[in-house]
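We'll take a helix, then a sheet, then the ligand.

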Amino acid sequence: MILRVHAGARAAARVLSRGPGPGPGQGLGRKGWTVLTVGDLCRCLCTSAVLRKDIIKDLEERLSSIKQTALDALPGSSWSPLQINPNLPPERADIVVVGGGIVGWSVAYWLKQKERVRGEVRVLVVEKDPTYSQASTVLSAGGIRQQFSLAENILLSLHSADFMRNINDHLGVLNEEPVDLQFNQSGYLFLANEDVAHIMEENYKTQRYAGAKVSLLSPSQVKEKFPWINTEGVALASYGLENEGWFDPWTLLSAFRRKAISLGVIPCSGEVTGFQYNTSSLTNQDGDLVTLRRIRSVKWFAVSVASWLAVDSLRAVSWGSHCG
Ligand SMILES: Cc1cc2nc3c(=O)[nH]c(=O)nc-3n(C[C@H](O)[C@H](O)[C@H](O)COP(=O)(O)OP(=O)(O)OC[C@H]3O[C@@H](n4cnc5c(N)ncnc54)[C@H](O)[C@@H]3O)c2cc1C
């Protein structure tokens with residue numbers, strides 16, 4: 001995928017010059033790249049011998065600075081082209097994740113986790129709001145349960161609970177603080193009246209079959225366990241005995257983000273505003289032609305992203321920048 005940023009070619013050139021580069025004849029620090037212009041060379045050829053010597057010396061200094069920067073870029077050095085201008089997204093990425101909420105960072109993490117060779121896939125996560133003021137993730141209660149009616153949901157949730165119980169095996173980062181999700185497994189309690197008690201029983205069977213530790217309680221058992229609950233009208237209750245409760249969503253989001261970045265995911269701050277296309281189909285890894293179709297989603301923001309995708313294929317993405 002080719003990424004295009006609003007700032008355009010001039011900004012891209014600044015990737016090489018790291019800010020306002022020194023003018024002709026000025027000395028160079030070791031800090032950054034510089035660009036030799038045609039003007040520099042012309043000046044060199046059209047001036048007196050003494051001045052020409054000075055200009056040649058200056059050009060040599062610049063060349064040695066470029067050489068040093070290139071040397072720094074070799075494996076083993078801490079230099080990274082992405083750090084040259086942190087305000088620009090990279091020119092190219094294999095996968096761009098739009099939105100750095102829990103889903104975005106989890107997807108980015110798993111993509112890197114599953115890559116066969118380190119660095120095989122270049123993943124970018126673009127988040128428009130670094131404060132996450134409107135993000136569902138941080139507004140959520142952070143509740144987790146297995147009391148669903150569909151086996152798929154129950155299995156997904158069981159897997160998530162297992163992941164969270166062993167969070168540091170998955171998201172721990174060497175030499176960093178361990179993740180403390182504050183996972184409180186106090187269980188969910190569902191209450192049913194006479195009319196829906198049979199549905200609760202059905203769900204209970206599905207849940208147990210899928211491996212969830214759930215128990216059914218009579219109204220008197222509910223009263224005994226939770227004396228403060230008014231059980232009037234309650235015919236049946238179901239209570240999660242394990243893997244249900246709540247955790248801190250911000251901690252989980254931060255842990256996914258931290259781990260994904262440690263695996264090489266590139267975080268970008270900016271709003272994705274659209275896609276540009278040049279074809280209606282792409283070739284996948286096996287060489288098969290894939291026709292791109294509209295993505296359907298219930299989330300409003302995903303709907304708007306999907307509507308951009310409705311036309312042809314992914315070719316370029318544009319956004320207001322800030323990358324790092
Ligand atoms: C009040 C509330 C309580 C909830 N309680 C629970 C619960 O107890 N348990 C549970 O499992 N789930 C709960 N949920 C649901 C859960 O929070 C969401 O399903 C989950 O957080 C969705 O994550 P997300 O990453 O898809 O979305 P978000 O967290 O909303 O992240 C989307 C991100 O995308 C960014 N973005 C959007 N458009 C662009 C763009 N064009 N360019 C760049 N960035 C963009 C946004 O800024 C945002 O940060 C709750 C939700 C709410 C609102």
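Four residues of α7 are buried: Ile 154, Ser 157, Ala 161 and Met 164. Look down the axis of α7 and these buried residues fall within an arc of 90°, so they line one face of the helix. Why does that spacing work? An α-helix has 3.6 residues a turn, so residues three or four places apart point the same way. Turn to the face of α7 that points away from the buried side, and you'll find the exposed residues Glu 152, His 159 and Asp 162.

Keep in mind that this is a predicted model.

Next up is an open sheet of three strands, ordered β4-β6-β5 and paired antiparallel. The edges belong to β4 (189–192) and β5 (214–217); each has a single partner strand, so one side of each is left without a neighbour in the sheet. From one strand to the next, the twist averages 20°.

What joins the strands of a sheet? They pair through backbone hydrogen bonds, either parallel or antiparallel. Here, β4 and β6 (residues 236–240) pair in the antiparallel sense over four bridges. Leu 191, for one, has Ala 237 in β6 as its bridge partner.

Leu 217 sits in strand β5. Is Leu 217 buried or exposed? It counts as buried because it has 20 C-beta neighbours inside 10 Å. Ile 229 lies in the loop between α10 (219–225) and β6, and with 14 C-beta neighbours inside 10 Å it counts as partly exposed.

| Pair | Apart in sequence | C-alpha to C-alpha |
|---|---|---|
| Leu 217 and Leu 191 | 26 residues | 9.2 Å |
| Ile 229 and Pro 219 | ten residues | 9.8 Å |

## Around the ligand

Which residues come nearest to the ligand? Of the 23 around it, they are Gly 99, Gly 101, Thr 137, Ser 140 and Gly 143. The elements that give two or more residues to this shell are α5 (102–114), β2 (123–127) and α6 (136–139). Sorted by class, the shell has ten nonpolar, nine polar and four charged residues.

Terms used: Residues are numbered from 1 along each chain as its sequence is written. This is a predicted model: local features need pLDDT of at least 70, side-chain atom pairs count only at pLDDT 80 or more; totals for chains, interfaces and linings use all residues. A residue is near a molecule or strand if its C-beta atom, placed from the backbone, lies within 6 Å of it. Ala, Val, Leu, Ile, Met, Phe, Trp, Tyr, Cys and Pro count as nonpolar, Asp, Glu, Lys and Arg as charged, and the others, Gly among them, as polar. Two strands pair if DSSP finds at least two bridges between them. Axes are lines fitted to C-alpha atoms, for helices over the stretch in contact, and angles run from 0 to 180 degrees between N-to-C directions. A residue is buried if 20 or more other C-beta atoms lie within 10 Å of its own, exposed if 12 or fewer, and partly exposed in between; C-beta atoms are placed from the backbone. The arc is that of the directions from the helix axis to the C-beta atoms.
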